[in-house]
Amino acid sequence: MSSELAWGWPFWGGPGTWTGVIISESGEILTHSHALRGAPVVNMELWDGTQAQACVTGRDDDTGTALLKPLVEPARSYDYLAVAGDGAAFGERLTLLQHKPYEHLDERGTQVIGHVASGTGYPYFRIDVPDDSAADGAVLLNGSGEVQGIRMPRDLLRFREIGNAGEVYAADAPQIADIALPLLRSGRIHVESWHHRHHGARESVVTPIPLIFHGAITVDGAPAPTDSTVYARVSKEGQLDDWIGERISEAGRYVLSVSVPSNYYVGATVEFWLDCRRFSTTAVFEHAPGSVVELDLSF
């Protein structure tokens, strides 16, 4: 079943990996949103050695899940695993598959040893593995090879006040099929505040008044549509990439307020992205509080 797995690392040069499972012939990758930070594009590797990028087409931190689309040309068909129609039963034996740093595939057996519902009503089940041995996004399969669950990270569990230290929980198949997937396939991009509190904060830094970029934005000769999201990727060697996204409220015009810790990012390169495509135009982040830069973007 290894051909149905994907793994990767955020497109920002820092530590951390994610595990995902391909759930459709078109290559949709289901994973947890935890390791992605705010990036709309991440690096990925398939079991057959294919290395590419994947676009985050849906993300919902309420359920802690994300859906990715491989950016592989030409388009191809993929082996995939179906999401189970029933929830995990107490005592059921499952297979846990995950990618961990320096390991291509970690496969082990585990058992369902409990269930819990969060305050939002989303069901989770507990598995019998140590907390430090199960990677975020690890895939749990039943005896029929169906996806039975996705491992949830400790940060989300603490935020939801679920379980105790050392316990490992996974999102149950009904949650994934009935709640998560419809939202993800609708294109919902929702990044919850718990994610930023645990992964976006740096201490002892200076965050200046934002550097504002604005201008015309066109896609294949037409104005970029409203409600699409334009991103700035702030990248500097030795630092984690920072992604800032803003919805376009007026067709063909954009405004991006870029605020990053200046004592880390002065001189950083600023790239611009829309719909998982990168504009050729770039800029340089300068510590100039209140500066407004007019910059037109087009494909």
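Biologist: What makes the pairing of the side chains of D241 and S235 a polar contact?

Modeller: The side chains of D241 and S235 are joined at 3.2 Å. A polar contact is a pair of N or O atoms within 3.5 Å; within protein, one must be able to donate a hydrogen and the other to accept it, and residues adjacent in sequence count only if both atoms are side-chain atoms. The D241 side chain also makes a polar contact of 2.5 Å with the side chain of R233. This is a predicted model, in which local features need pLDDT of at least 70 and side-chain atom pairs count only at pLDDT 80 or more, while totals for chains, interfaces and linings use all residues. Residues are numbered from 1 along each chain as its sequence is written, and side-chain values use heavy atoms, with hydrogens and water left out.

Biologist: Why is D241 called buried?

Modeller: Buried means under 20% relative accessible area, exposed over 50%, and partly exposed in between (1.4 Å probe, protein chains only). D241 has a relative accessibility of 3%, and therefore counts as buried. D241 lies in the loop between β16 and β17 (242–247), where strands (E, at least two residues) and helices (H or I, at least four) are DSSP runs numbered from the N terminus.

Biologist: How do you know that C55 and C276 form a disulfide?

Modeller: Their S to S distance is 1.7 Å, and a disulfide is a pair of cysteine sulfur atoms within 2.5 Å. The structure holds 1 disulfide. C55 is in strand β5 (residues 51–60) and C276 in the loop between β19 (269–274) and β20 (277–284), 221 residues apart.

Biologist: Why are C55 and C276 called buried?

Modeller: C55 has a relative accessible area of 7%, so it is buried. C276, at 17%, is therefore buried as well.

Biologist: What makes a group of residues a nonpolar core?

Modeller: A nonpolar core is a set of buried Ala, Val, Leu, Ile, Met, Phe, Trp, Tyr and Cys residues joined through side-chain atoms within 4.5 Å. The largest here has 24 residues, and F213, I217, Y254 and F272 have the most contacts inside it. Strand β14 gives the largest share, 4 residues.

Biologist: How confident is the predictor in the chain?

Modeller: The average pLDDT (the predictor's confidence in each residue, from 0 to 100) is 84, and 87% of the residues score at least 70. Over residues 194–205, pLDDT stays under 50. Where pLDDT is low, the predicted coordinates should not be read in detail.

Technical notes. Contact = heavy atoms within 4.5 Å.
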